[in-house]
Amino acid sequence: MSKNRPTQKNEISYSEADLEAGRRALIRGWSSGAEPVQMIFTRAKGALVWDSTGKEYIDCTSQAWSNNIGATDDRILAAAWSQMQNLTHLRSNYDSVPLLLLSKELAQSAPGKLKRVGYCLHGSMAVEMAVKIAVKNRPNSGPLITLYDGYHGRSLATMGWSWPHINNDFNSLFPPVVRIPHPYHYRYALPGEKPVQMARRCANILRDTIHYAVNGKPAAFLMEPVQGNGTQLDFPPEYYHYVREICTEENVLLIWDEIQTGMGRCGTMWAAEYYGVEPDIIIFGKGVGGGFPLAGIIAREDLIGFEPGDDALTFGQFPVSLAAGLAALRVLKEDKLLDNCKKMGAYATKLLHEFEKRHPLIGNVRGPGLNIGIELVRDRNTKEPAAHEALQVYSRGLDQGVIFGTTRYGGIGNVVKIKPPLCINQEQMDHVLEVFDQILTEIEEKR
Ligand SMILES: Cc1ncc(COP(=O)(O)O)c(C=O)c1O
């Protein structure tokens, strides 16, 4: 596996004492010490990453689901380097060439009337940008509606719109929000309730909430089409259409947070395309910058935009990220990564359903594309969450050179995620599944 390891170059020199001093200097909960195993990563290429000891891993997290086209692609680096030599920073009231070209491309990539693009560098800020646009278009509105287990970021506003942070230190600063139940069929269906029935029931709760539960009609309903940080959950397909219909009827804007689902992860450029639904605003982030920080929104062309002073941040239109983003869209097409995502996603999902037959730990396998979540349970009847076992998959996976994702930050912590870069090849995917199969066998044998 290690034949692809790139040569060491441009390494920063350091001593162990320097690293230790750095660890002490880092604010707790930021990075150092947040993981059960302490590692320093030094390189990444495609679907692979290497730590400072030279150990190689297949990265099923795409580093927070962001290296969608693969890490450090030479074409992205060349585009970024070329931009860097000419212009690295530009005040947000001026235009740059990559700003205009990427806007054209992103507007073309989005469905229907979604034709206006705005930028920032972080997903959380993009979510706030989308909500600001919604409020500009629906003035004097009531609180935002979001879903149980939704995740929209860690700025003060987006934390407040995310899953409940019980006894959170920042609660008093959060904006008003109403959270409604999501159609999490595996866990919360009523006895005998079919997915489509649950989709209808939950969609009706949206309508009732708009009618009866809030003071003032909400400007928007904000949701992730596939909940990433929650429990890696997709909904019954009908749900997407039901909420679209309700938002249209009620004149409430439908915002899809596609920060994780966008840039090809469902096997289509946007989840909106995959589910055949046109939201009013799509929020993007993570993979769109090809490994460079880039986020923003694509809004319906008839929505009112911003006035000077409403939004634009200092580094809001970072030309290097825009150039990288433009190159990332080219790579997505040139390398037919959407096809590979569909192919590898379908292959892995099929095999995981085979595993389900012989691994009682597997309760539910979810998709679509390379958005794979495997919910682990201690008992299929009680569905007792196997959170400790999910962590075991993570740490044993590291020993065997695979970084699995887990839902440690939200939901109930018992979902293993396989969301590698879309360029993952057959050999790498086979290795990931083999390691997963073997770890589950080991855990089950010891029970
Ligand atoms: C769906 C979703 N929305 C928003 C965010 C926040 O993005 P960022 O961390 O870039 O601010 C994330 C990040 O994990 C996310 O997954």
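Figure 1. Where they meet, 39 residues of domain 1 and 37 residues of domain 2 take part in the contact, with contact meaning heavy atoms within 4.5 Å. A note before you zoom in: residues are numbered from 1 along each chain as its sequence is written, and side-chain values use heavy atoms, with hydrogens and water left out. Because the model is predicted, local features need pLDDT of at least 70 and side-chain atom pairs count only at pLDDT 80 or more, while totals for chains, interfaces and linings use all residues.

**Figure 2. The interface between the domains.** Domain 1 and domain 2 bury about 3,000 Å² between them, and 50% of this area is on carbon and sulfur atoms. Buried area here is the accessible area (1.4 Å probe) that two parts lose on being put together, summed over both. Between domain 1 and domain 2 there are two salt bridges, each a side-chain nitrogen of Lys or Arg within 4 Å of a carboxyl oxygen of Asp or Glu. Look for the salt bridge between the side chains of R187 and E375, at 2.7 Å from N to O. The side of domain 1 that touches domain 2 has 17 nonpolar, 14 polar and eight charged residues; Ala, Val, Leu, Ile, Met, Phe, Trp, Tyr, Cys and Pro count as nonpolar, Asp, Glu, Lys and Arg as charged, and the others, Gly among them, as polar.

**Figure 3. An edge-to-face aromatic pair.** Twelve aromatic pairs turn up in a search of the whole structure. Y119 and F284 are an edge-to-face pair because their ring centres are 6.1 Å apart and their planes stand at 75 degrees. Rings of Phe, Tyr and Trp (its six-membered ring) pair if their centres lie within 6.5 Å, and planes under 30 degrees apart count as stacked, over 60 as edge-to-face and the rest as tilted. Y119 belongs to strand β4 (residues 114-120) and F284 to strand β11 (residues 281-284), 165 residues apart; helices (H or I, at least four residues) and strands (E, at least two) are DSSP runs, numbered from the N terminus.

Figure 4. The structure holds 23 salt bridges. In one of them, K333 pairs with E105, their closest N and O atoms being 3.8 Å apart. K333 sits in helix α11 (residues 319-334) and E105 in helix α4 (residues 97-109), 228 residues apart.

**Figure 5. Backbone details.** G367 and P368 are joined by a cis peptide bond, with omega about 0 degrees. P368 lies in the loop between β13 and β14. Q63, found in helix α2, has a positive phi of about 50 degrees although it is not a glycine.
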